[in-house]
Amino acid sequence: MTLATWQSEQFPLSLPLRTTTKWTFIDQWRILIQHLRTPERPTLLYIGRWMDYPWGGGGDRSAVFKELYDQTSAHSQRALYSWMAGILQTSSNATDNSVSWVSAENLWILGRYMVHLSFEEIMKISPIEIGLFISYDNATKQLDTIYDITPELAQAFLERISSSSFDMRNTSTIHRLGLLVCFYKDLELLDAAVAQVRLHQMIKCSRLRGFQAGVQKLKADLLDIATENQTLSETLGSLSDAVVGLTHDQLESLSPEAVHGAISTLTQVSSWAKSQVIILSAKYLAHEKVLSFYGVSQMGVLLAGVGTQAFYGMDRRDLLQVLRSSISLHLSDLSPAQQQGVLSKMIEAGDATSGVVEIQGAFFKEVSLFDLRREPRFNATDLKEKELRRSQALFLYELLSQTTRRPAELLSAGQLVKGVMCSHIDAMSADSFLAHFQYFENSLSLLSPYQVNCLAWKYWDVARSTMPPFLLAALPARYLAAVPASRCVPFLISLGKSQLDSLVLDSHKKNSILRKVQQCLNNSIADEYAVDIVGNLLCHLPAAILHRGVSPRAWATALHGLRDCPDLSPEQKAAVRLRLLEQHGLPQNWTAETTKDLGPFLVLFSGEELSSIATKFPDILQQAASKMARTPPPKEFLWAVFESVRNSSERRPSSDPSPGCHGVAAPSSEDIFKLAEANACWAPEDLLCMEEDTFIRNVELLGALRGLSRPQLMTLKEKAVQVWDTPSYWREHHIVSLGRIALALNESELEQLDLSSIDTVASLSQQTEWTPGQAKAILQGFLEDSGYSIQDLKSFHLVGLGATLCAMNVTEISLIRISEFRVVAARIGTLLCSIHVLAEFKRKAEAVFGNPAEWSSSVLQELGTIAAGVTKEELRMLDEDLMPYFQPSAIQCLPDEIFRALSAEQIASLGPENAAAVTPAQRGQLSAPQLQSLQRALDGAKTRSWLDEPLSASPTRILASRSPQGAPVARGLWLGCPLLLLTPNVLW
C-alpha cells in the first residue's frame, strides 16, 4: 500500500505530505499523529502533546513510534509499517531483491514495527547487519517490547542471529535477546548453569500477547536441565519463576532449609497456585518453628498459605507490627477466615482499642460493627486509606458528624461518603450543598442508587437550573421533560459518564431515559465526536440505531466503545454482527489484521462462520478467547476454540492403561492451558484418559472452570481418586486444588476427608452449589475431625464454615456463642439460608443489637440477609426511614406473606435499589396501593411527599417492571432465598 493510498483511506482531508527525506519522515509523523482516524481515535486525540516534542535523533523517533503502537488497530499498524518500510526501502542502497533493505539502523528505526517484517524478509537480513543490531546498547530494550511477535518470526530472527558472530550459548548473548529468548528452543548440549540463566531471562515472557502454553513447555524443559545431577533443594533459589511448574510431590520433597534459603526468590513469583502456596508456607514455617513478625515479614505472597489457627496463635505485638509494615499489603490476599483469625487476636479479651485504628486498606472491611462501636478514637483522617463496608460507613459518618462541623472533612475522607444519609443531605443549606457537591460527584461510584436519588432531589429543590443532567435520571421519568433540545449535548455527556445500569434499576424508567437519548440524537450518530459525547450510553442504544443509525464515519469509534460493553442484548449483538458482515464480508475472507481487530466480537458469529477463522488463524482465535474473562463465551465459540487447539496440536494416543483409553487422544498440558474455558468441550472419556502427570499439573486450572458439566466433574473426581487414592488419603493441598471438582464428592466421600483444618473447610465453602446433604457432611466432618463442639467455635471458624452454616438446625445455631457471632454477623448476613435458619440468626442478632425496633440504619445494613428473619409484627414496627437500609438480598429473602405486611408508606420508602430487588412472587401478594407505592420507589419519587403527589403509574405496569409474571426466579440450590438478581454496588 502506498502512502497516498493509505492517507486517502485514513484522512478526511488531503494532507500535504512532503518528499521522503529523513527530516520530512518525522514531519509526516507529526501530521499523522494529529489527524489519524482509527478505531482508537478517542485515545489518539490526546497524543497531540507529541507535536511539541523536542525532535532529535532516531531515539526520539522510536519513542514516538512506541507511544503510538499500542494506540492503533492491527490494520493501522500494518499500514504504518508498510509506509515506513516503503520509505526505508527507498532510502536504502538495496538495488535488487537479493539484498535486504533491512539494515541494523533500519531495524532500530522500525522499533516495535519490526514484528511486521515477513518471514522471507527476515531470512534475507545479512549476518553482519543482524550482528550489528544485536550489538547496539538499545537493542535489548527494543527486543523487550516486541510483545506481539509470533513464534515463527521469533525463530527466524533467532536463526539469523545464530548465523552472525554471536554465540547463542554464551550468557551475554542470551541477555541481549529480549523476548526472543521465550522462543529459543535449542536445548542441545545445554548445561545446568546456562539453563538457569535462560530461565531467569524468561521471567519477562509473561508480557507476550499469547503463546504462553509454548513458553510454559519450554520452561519445563529448561527446568529439567537446570536440576540435572542436583536436587531441587540445592537449585531452588536459582530456578526463577519456573518454580511454579513444580508439582505437589516435587514441592513436598523440598527441605525446610531449602525453602527458607530461597524465600527471597519464591516470594517474587506472583503466579503460585493456592495449593503450592500451602505447601511452601508449611515448609518455611517448619524451619521458623515460631511464627514471629520477622518470619511473616519475609513471606510476601506465601503469607496466604499460613493457617488461620497459626495467625490466631501469634503474639499480638507481632501482629501489630505486621499491620504497620509493608507486609500488610498481602493481608488482602488472605481468605476471610484467615483475616478473621488475625482480627480475633487483635481484638480479643474485650480490648478493641488496641488494633482497630491500625488496620488499613481492604482488611479494614472485616472489622465488625460491634467492635467499631467500642472504638472511641476515630477521626476522618484515619479513614482516608481504609475500605469500608456500607454499614461501617453509616455508623462512622453519623459518629463523626456529631463532632465535625466541616462537611468537606468528612466527604473527602476516602470511602466515608458511603455513609451519607438522606437526612444529612437534607440538613445542608443550599449554599453548603452546592459548595460540597463536587465531593459527591467525584465519589459517584461509591454511592448507592438511593443516595444518588437523595442528591438529585436536593439539587432539584435548591438549584434545578444548574443541576448536572445525569441526576435527572435518578428522578421520576417525567422529569426528563425538563431537558430542552438546547441542553441535549450536556445531558448526553453527563449521562454518558455514568453507569446507567447502576443509576437506574427499573426497566421502564430506563426505557424512558433511552427514548430521551434517542430524541436528542435524532436516532443517529453522525461522527466519532458524537460517539465520544454518548460515552457509556453507547452500550444501551437500541439495535436499530447500531445497525442503521451509526454513520460509516462514526462506526470505527463506536465499535471500539462497544467492545467494552458488559452485557449487550441479543438484538444489539445481532445488529453489530450484521454491521461487521456488511463492512468486512464473511469471516472466511478476513485477513489476520481484521481478525485481530474484531477479536472481542468473534463471539457474535456462528460455529460455521468461526470454523474458517479456527483453520486460518488459530492463534488469533485463542488469544481472543483468553481475554474473555468477564462472561462465559457462547458454546459455539468455545467449540471453535476447542477445534482450533485440537487441530493445531500434536496428537498422541493416551498412555493411560485404563480400560477404554487405548488410542484415545487425551488432553495434554499444552492443550488444557490453551483452551481455558473451552476445556468444557472435552468428552468425559477424554478427561478420564488424561495422563496422571497432566492431571497433577492442571487440576487447579480445571477446578476453576465455570462451564464444566456434572458428568465432567464426576469424571475428574474419578481421575483424582486414580491419582491420589481414596479421599481419606487426601491432604489439604489436594482438596484445595480441586475447586469445583469437589462438588462431585458424595456424602460418603466427604466424610472420608480430613477436615480438621478450618482452612480446608473454607476452601470447600467457597463453592455455592452444595446440596443440603453435602453441606451437612462438611459441617459434621469439621466438628468431628477438629474435636470442636459448636459451643467451642471461634469467629474465624464461623467465617470459614461459610454457607455450610445454613445446614445447621435451630438447636445448633442457638449454641453459637454470642461473643463470636457478633463479630462476624456481617459475614453470616451474606448467606442465602432458609428462612428458619435466618430467623434463628436474627434471634442471635437481638442479643447483640437489641430488638428490631431499636435497630439503626447501620445495624440493618450490617445484618444483611439475617434481617429477613424478622416477624410480620417486627417488620411493621420498623420506621419507614430505615427501609432503604435493608440489603437487597434481605428484601429477596423475606417470605412473600411477611413482605406483604409492609405498609404502603414503608414500601414507598424502600428506595430504587431495594424496590428493584422485590421478586415477582412478592409483588403478587401486594394490594393495589402497595403496588403503586412500589412503583414510586422504583421511579425515585420523593418519599416525604408521596401522599401529596398524584400517582403516576398503574399497578399493571409494576407487575412487568422487573420480570414477567410467572417468570422463573433464580434460587439457591437449597438455601431457600432467591439469588440476588441485581447487585449494582458491592456490599462487602
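Predicted model: local features only at pLDDT ≥ 70, side-chain atom pairs only at ≥ 80, totals over all residues.
**The whole chain**

As for contacts between residues at least 6 apart in sequence, 69% join residues at least 24 apart.

**Tyr312 and Phe796**

Next, display the side chains of Phe, Tyr and Trp. A pair of aromatic rings is described by the distance of the centres and the angle of the planes. The model contains 18 aromatic pairs. Select Tyr312 and Phe796, whose ring centres are 5.1 Å apart; the planes meet at 50°, between the limits of 30 and 60 degrees, so the pair is classed as tilted. Tyr312 belongs to helix 20 (residues 308–312) and Phe796 to helix 48 (residues 795–801), so this pair ties together parts that are 484 residues apart in sequence. Both Tyr312 and Phe796 are buried.

The charged end of Lys345 sits over the Tyr312 ring, 5.3 Å from the ring centre.

**Phe642 and Trp682**

Move to Phe642 and Trp682. Here the ring centres are 4.9 Å apart and the planes stand at 85°, so the pair is edge-to-face. Phe642 is located in helix 39 (residues 635–648), while Trp682 is in the loop between helix 40 (669–675) and helix 41 (684–688); the pair therefore ties together parts that are 40 residues apart in sequence. Phe642 has a relative accessible area of 5% and is buried. Trp682, at 2% relative accessibility, is likewise counted as buried.

**Further rings**

Select Trp108, Phe133 and Tyr136 together: ring pairs link these residues into a cluster. Then centre the view on Trp555, where Arg579 lies over the face of the ring at 4.4 Å from its centre.

**Ala477**

Finally, go to Ala477, in the loop between helix 28 (449–463) and helix 29 (488–496). Beyond neighbours within four places in sequence, Ala477 is in contact with Lys509, Ser512 and Asp939. To close, draw a C-alpha to C-alpha distance from Ala477 to Ser512: the separation is 6.3 Å in space and 35 residues in sequence.

Technical notes. Residues numbered from 1 in each chain as written. Heavy atoms only, no water. Helix = DSSP H or I, 4+ residues; strand = E, 2+ residues; numbered from the N terminus. Contact = heavy atoms within 4.5 Å. Phe/Tyr/Trp six-rings, centres within 6.5 Å; stacked < 30°, edge-to-face > 60°. Buried < 20%, exposed > 50% of the residue type's maximum accessible area, 1.4 Å probe, protein only. Lys NZ or Arg CZ within 6 Å of the ring centre and 35° of its normal.
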